[in-house]
Amino acid sequence: MNRLAGVTSPYLLQHADNPVDWWPWGREAFAEAKRRDVPVLLSVGYSACHWCHVMAHESFEDAATAAYMNEHFVSVKVDREERPDVDAVYMEAVQAATGQGGWPMTVFLDADARPFYFGTYFPPAPRSGMPSFPQVLEGVTSAWRDRREEVAEVAERIVTELAGRSLAQGAGAPPGEPELAQALSGLKRDYDERDAGFGGAPKFPPSMVLEFLLRHHARTGAEDALRMAAETCEAMARGGIYDQLGGGFARYSVDRAWVVPHFEKMLYDNALLCRVYARLWRATGSPLARRVAIETADFMVRELRTAEGGFASALDADSDDGTGAHVEGAYYVFSPAQLVEALGDEDAEFAAGYFGVTPEGTFEQGTSVLRLPRDAAPGDEARVALVRERLLAARDGRARPGRDDKVVAAWNGLAIAALAETGAYFERPDLVERATEAADLLVRLHLNDSARLARTSRDGRAGAHAGVLEDYGDVAEGFLALASVTGEGVWLEFAGFLLDIVLDRFTGEDGALFDTADDAEQLIRRPQDPTDNATPSGWTAAASALLTYAAHTGSEPHRTAAEKALGVVKALGPRVPRFVGWGLAAAEAALDGPREVAVVGQGPAAEVLRRTALLGTAPGAVLAAGVAGSDEFPLLVDRPLVDGAPAAYVCRHFVCKAPTTDPAELAAELGTGAGR
């Protein structure tokens, strides 16, 4: 009996009709393995994962393979997005044992949840040096039956090695000028001068590193930092990784030149990149950055917003190609013939040149991913807009990729921050409203009376899994951004509730942070990873939010916790800056203050000061705006008008400047970008 029906995870529901007798993660599955004296087969993936779909079709939907699994294993399915703690623990073991990792992840465990054999995707027949999945199953069964002592020794050794790992804390002090300069030097060494971005293929959007580069330039004036950020943003925006018709970014580029993406679209990528492009516009006034920020925000609202007001996790890479087959990229690519069908001969020729569609194609079967090649002739803006509109209409007639509509707390926090700031910068109150509605959903559905977060929800129903550190850090980040944009102090209060939980439940005695609460389900290791991957790590997300909250409130415990947490960035930043970008960005804010801005007053003059403060580039600056005498924010207390006029107060490192009524003077205090 497959036990996945009725769960909240769309990924698990994709497997509810498999002939495999799947169990969800839980004590019952391991009790069953102990009762039957068989190993546990743990399969971890997520709904938008292309190779997860491939392995499911090849193996989990195959009756003979399923029958063997059912006879010899207790098979457990985990959605890594619902249970990042389970995923992190076993991925660490996989990477330690094999030197690589990825999804689908396949791990064999004993009844005490100790791993003893690992892998990722296994094909149905031997291929390119890989054993087939049936061979793996038979090998594990043989080892379990005939070499049980050896299996137990391997499992014990792995658990002991994982338990012995420790993190360098950098003496509990945040990075200073030398470490941040070293981080910049490391990024310059890894920078791709030809195609922008960092490293080779596959190439991922380095959103958190870009945030660090923009903040570093704002604080120091380092031109290389701004150049790398601007060039990378332009290359991505012109590439196939960016949806030239509908807006929004794919997960990564399979090549170094950003031409062909892996087509899944994730909420977290688009939230992080929307915010980066908005801030690049703030710094440079770039029309391209402005367009991409707005289009990405509109994509999130149009394609990912749920009926309850939250944001869905992802759009799948695959869709029906019109023949009944699910094919990666089918929704997005065009052949020259498809351009002619949609546009007619003359406009198709124009579109082919403008979007880089060639007879041989840049993708598969003579199709091309739409992009903006650098050598293409500039097109008439009105004609380009009309062609885009017609191609989008043609594309809308295709089968759409599937949507994973679960709401993940952390990623919604990132989306709230991005939409709130983008709406404020570009005077789009509708985007701020969408951010507020998502925040309302998190409070109403994900937050219980004890300020504990549920990790996910779906269709208005909270999931059963507890929030992890990234949920608390990213949701607090979103609430803090919303507080500054809306002037509603309740969001600062909610952020404080969450961050108090971080201090009480996620923080070790030495200031180190853990990914799970101290009262969460005990796994073979309490996960703890400060490195940023596709999203800010829980560690760096919490450090950033703690720092911002301390700037708003003057809370010494939150400031101290942030500085201790940033100690790991001091250790890692100079060595692996690409993998701790969010931590480096938070460190820039800490080194700059962050500056605390209070704008008091009402009317047009107060609004000009407020907008000036919002568009200031000082790293991590916090803003509280309200009428004189308000107690909505701590920063507004005892801040009077100046000669009856609205005024701005700027403080930094416990030292306050004289209040000003002059927007130009305020802009000079907070850094002046071109985007104003």
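How do the residues of the lining of the second largest pocket divide into nonpolar, polar and charged? The legends below begin with that pocket and then turn to the cysteines. This is a predicted model, in which local features need pLDDT of at least 70 and side-chain atom pairs count only at pLDDT 80 or more, while totals for chains, interfaces and linings use all residues. Residues are numbered from 1 along each chain as its sequence is written, and side-chain values use heavy atoms, with hydrogens and water left out.

**View A. The lining of the second largest pocket.**
The lining residues divide into 19 nonpolar, five polar and nine charged (Ala, Val, Leu, Ile, Met, Phe, Trp, Tyr, Cys and Pro count as nonpolar, Asp, Glu, Lys and Arg as charged, and the others, Gly among them, as polar). In total, 33 residues line the pocket, and W25, R27, R83, E521 and Q522 lie nearest its centre. Elements giving two or more residues to this lining are β1 (22-24), α2 (27-36) and α5 (84-98). The largest share, four residues, comes from α2. Helices (H or I, at least four residues) and strands (E, at least two) are DSSP runs, numbered from the N terminus. The pocket's volume is about 710 Å³. On a 1 Å grid over the protein atoms alone, a pocket is an open set of points where a 1.4 Å probe fits, with protein on both sides within 12 Å along at least five of seven lines; lining residues have an atom within 4 Å of a point.

**View B. The disulfide of C49 and C52.**
Here a disulfide joins C49 to C52, with S to S 2.4 Å (a disulfide is a pair of cysteine sulfur atoms within 2.5 Å). The torsion about the S-S bond is about 80°, so this disulfide is right-handed. C49 counts as buried at 3% relative accessibility, and C52 counts as buried at 3% too (buried means under 20% relative accessible area, exposed over 50%, partly exposed in between, with a 1.4 Å probe and protein chains only).

**View C. The disulfide of C651 and C656.**
The sulfur atoms of C651 and C656 are 2.0 Å apart and form a disulfide. This link is right-handed, with 100° about the S-S bond. C651 is buried at 3% relative accessibility, whereas C656 is partly exposed at 46%.

**View D. Two cysteines without a partner.**
C233 is in no disulfide. C233 counts as buried at 2% relative accessibility, and C274 is buried at 0%.

Technical notes. Points joined across faces, edges and corners; volume = space filled by probe spheres on them.
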